[in-house]
Amino acid sequence: MLRDLRRLWAQGLSIALLLACGVAVLLISYGMYGALQNTRAAYYERNRFADIFASATRAPRSLESEISGIEGVWAVELRTVKDAVLDLPDRVKTATGRIISLPSDNGAVLNVPLVRSGRLPDPEASDEIMVNEPFAQANGYRLGDVIHANLNGRKRPLTIVGTALSPEYVYTIGPGALMPDNENFGILWMSENAASAAFDMSGAFNDVSLKLTLDADPEEVIDRLDDILEPYGGTGAYGRDQQMSDAFIDSELLGLETTARILPPVFFGIAAFLVNMVIGRIVALERSQIGLMKALGYTNFAVAMHYIALAVLIAVFGVLIGWALGTWAARGMALIYAEFFTFPYLLFSVSKFTYVLSGALGILAAALGAVFNALKAARLDPAIAMQPPAPPNFRRGLFDRLLAAMRLKQPTMMILRGITRWPLRASLTSLGMAFGVAVLIASSFFEDSMEEIIDVAFFQSNLQDGVLLFTSEQPVSILSEVERLPGILRAEGQLNLPVRLTNGHLEKRVTVEGSWPQADLSRVIDPDGKVITAPQEGILLTRRLAGQLGVAPGDPVDVEFLSGRRESHRLTVSGVVTQYFGIGAYMNAEHLARLFRQSPRITHANVLIDEARIDDLHRELKNIPKLAGLILLTDTREKFRSTIKENMVIQSMIYITIAAMITIGVTYNSARIQLSERARELASLRILGFTNAEVSYILMGETLILAVVAQPIGWVLGATIAWGMSFAFASDLYTIPVVLKSHTYGFASFVAIAAAVGSVLVVRRRLDTLDLVSVMKTRE
């Protein structure tokens, strides 16, 4: 067995590497999944991350005892949370800060910040803050530095006395942003006394977090909390699953789990196929030895186990390589994840079960690949085995007559006959190559999809240069003031309201966007890419939201508004629209005003900006009291594109390597076995006068024809896997459309065929050194 392994080291190594890839991908996915899951759980527990969250306009602190009395509530944290425009030193551009109050007595009970440097703000000081560490690092701030913030219309100097991380902001995403922007969005903790005084919230709160007991019913607690906060402008409580930071981590965990389910089976399946090819060839070459061994008394079981053990030995090498590679890569990538999600520490461990599972699957795949040929060897009778195998029984068929009619050259005829004589082997070889193409297509489609998302989100749906966020609802007349700001070319209003949509027992808490018919800076796109306006009456839903609620255009849906007059209305679903980021609903702002029996109001202003006067605009915005922040779409787009591009480059390199390994593994083994089987035939052709090029053409032609045939099969498989991944990755945060362009198919085929040509050329070199005399002496 060891001699066989030494003789087949190159083929065994290619199989072992494929198995190693499957094992490594499994370890990486589950390793990172476990690291993220364990680190998050420990972080949440140690810093008492809340289970339920709610906001209100202004509620009295006397409600604390009533909230604490809700059955199932273990702890309550009342806070003041407000967004404010920041004036950072030596910078013209504005930034947005989220001010969070810290209890003055014994510190935070829930969502406890983890101090990384310095200290907590002095409870009696009105100008001390603690900022989140990524914000301080992105802007180069040190303890003692002073920044200015527009707090409720008053510009105040604030001294940084500490930095911290919070379980509430593991993924720190600002209002209206798509990606974390630590340079322009920061968390600022102030003492409760200072924050209450700054925002006129003495004796009141506008944010509440709850920690539940183990036996609590979250839905009942949410309902009770909503009833208590409703008179005070409560906007609807929600669970941890809808908390923005936690939802992003959940989405990433879902992606890792999906990868672990899809990729490893591909590797294990191809490795099993290659083992089948190699063991089958060994059995064919060792017929006489098998017969001799059985004549000497070796049992069928011993003969079969010999070949199965050979496959298992190759698999063990692959598993060991996969374990080493997977552990190293999983740890490295988990550290990158920990930094991206700003965890304070990383608890990395890959469970023993994952090692056992990946090893067992790798060995099982190899054993299954070998078992058919091993049993075939065991069933051979000694007398028959020691005779040369009977030549295949070929009959001249329609295909042969067709080839003859085409008057092809003899080498080409030999290639085509080689394929048609063994159709099963040719089909499986093509299928194996097709998987290499499929892996590339299934991974490359993300790049085209991201471009589609950017095009729809930033060039079709949103034409504005920026969005001004107001601290509260404002009359539409404020737009005239906005248009007088320096650099503002045009301004359009937008009203965002939290709502709860209900259809029977199905319920979803989302934001409804109210826009005016003549507004053109923020547009709604239908599934065909056409711009549509919100109907005079009724409501538009995103496709995913409509699916979750089980409604279609024409169906009624109950809309409970969670702010303002907090009324409920039954509206008709007017249509379904395309939205890749989040889920939401759209209504006519004038219709909203009529429903509420009040004048039209806005919460946002979409603006076109003269880039030449952007600095003047920033200077002016720092002094506007009603403003909570400015989102520049150009910055958001570039941040999104650069982050995605960085991830795509790493991902593309990994998947190109994987696809090349699959193609090389299948092609090399196929060509190597073909050379072994046809060495005598090829040597005969050389002796009969065929040139080296003609003989090489016969050897390479069959493999390369199968590689070409594999391309359309790989395209279909790749598209199918891409659809499956798109469906599996979809969440309430984002939806990835399947966009497959011609260059994606072309690139995948180019890589696969280049890998196939390279593999065949390596095998072809053996033809140049073929000892014709020795080959002719061997028994066919």
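# Reading a predicted protein chain

Guide: The protein chain has 22 helices and 22 strands; helices (H or I, at least four residues) and strands (E, at least two) are DSSP runs, numbered from the N terminus. This is a predicted model, in which local features need pLDDT of at least 70, side-chain atom pairs count only at pLDDT 80 or more, and totals for chains, interfaces and linings use all residues. Residues are numbered from 1 along each chain as its sequence is written, and side-chain values use heavy atoms, with hydrogens and water left out.

Visitor: What does the C-alpha trace of the protein chain span along its principal axes?

Guide: The span is about 100 × 55 × 55 Å. The accessible surface is about 34,700 Å², and 58% of that belongs to carbon and sulfur atoms. Such areas come from the Shrake-Rupley method with a 1.4 Å probe; for residues, only the protein chains shown count as cover.

Visitor: How many of the residues count as buried?

Guide: Buried means under 20% relative accessible area, exposed over 50%, and partly exposed in between (1.4 Å probe, protein chains only). Here 53% of the 780 residues of the protein chain count as buried.

Visitor: Which share of the contacts joins residues at least 24 apart?

Guide: A contact means heavy atoms within 4.5 Å. Among contacts between residues at least 6 apart in sequence, 82% join residues at least 24 apart.

Visitor: Is serine 101 buried or exposed?

Guide: Serine 101 has a relative accessible area of 2%, so it is buried. Its place is in strand β4, residues 95–102. Leaving out residues up to four places away in sequence, serine 101 touches Arg79, Thr80, Met190, Glu192 and Ala195.

Visitor: Which polar atom lies 2.9 Å from the side chain of serine 101?

Guide: A polar contact is a pair of N or O atoms within 3.5 Å; within protein, one must be able to donate a hydrogen and the other to accept it, and residues adjacent in sequence count only if both atoms are side-chain atoms. In this case the backbone nitrogen of threonine 80 lies 2.9 Å from a polar atom of the serine 101 side chain.

Visitor: In what order do the 4 strands of the open sheet run?

Guide: Two strands pair if DSSP finds at least two bridges between them. The order is β2-β10-β1-β11, with antiparallel pairing. The edge strands, β2 (73–79) and β11 (238–239), each pair on one side only. Within the sheet, β1 (residues 52–60) and β10 (residues 204–212) are antiparallel and joined by 6 bridges. Alanine 59 has phenylalanine 205 of β10 as its bridge partner.

Visitor: Which residues cover the two faces of strand β17?

Guide: On one side of β17 (residues 539–542) are Ile539 and Leu541, on the other Leu540 and Thr542, and all are buried. The strand pairs in the parallel sense with β19 (residues 568–577) over 4 bridges, and isoleucine 539 stands opposite valine 573 there.

Visitor: Where is lysine 508 found?

Guide: Lysine 508 is in strand β14, residues 506–515. Its relative accessibility is 19%, so lysine 508 counts as buried. Not counting residues up to four places away in sequence, lysine 508 touches a set of residues including Val499, Leu545, Ile583 and Asp732.

Visitor: What phi do arginine 48 and threonine 342 have?

Guide: Arginine 48 has a positive phi of about 50 degrees although it is not a glycine. It is found in the loop between α2 (9–46) and β1, and at 31% relative accessibility arginine 48 counts as partly exposed. Threonine 342, also not a glycine, has a positive phi of about 50 degrees. The loop holding threonine 342 lies between α9 (300–340) and α10 (352–378), and this threonine is buried, with a relative accessible area of 15%.
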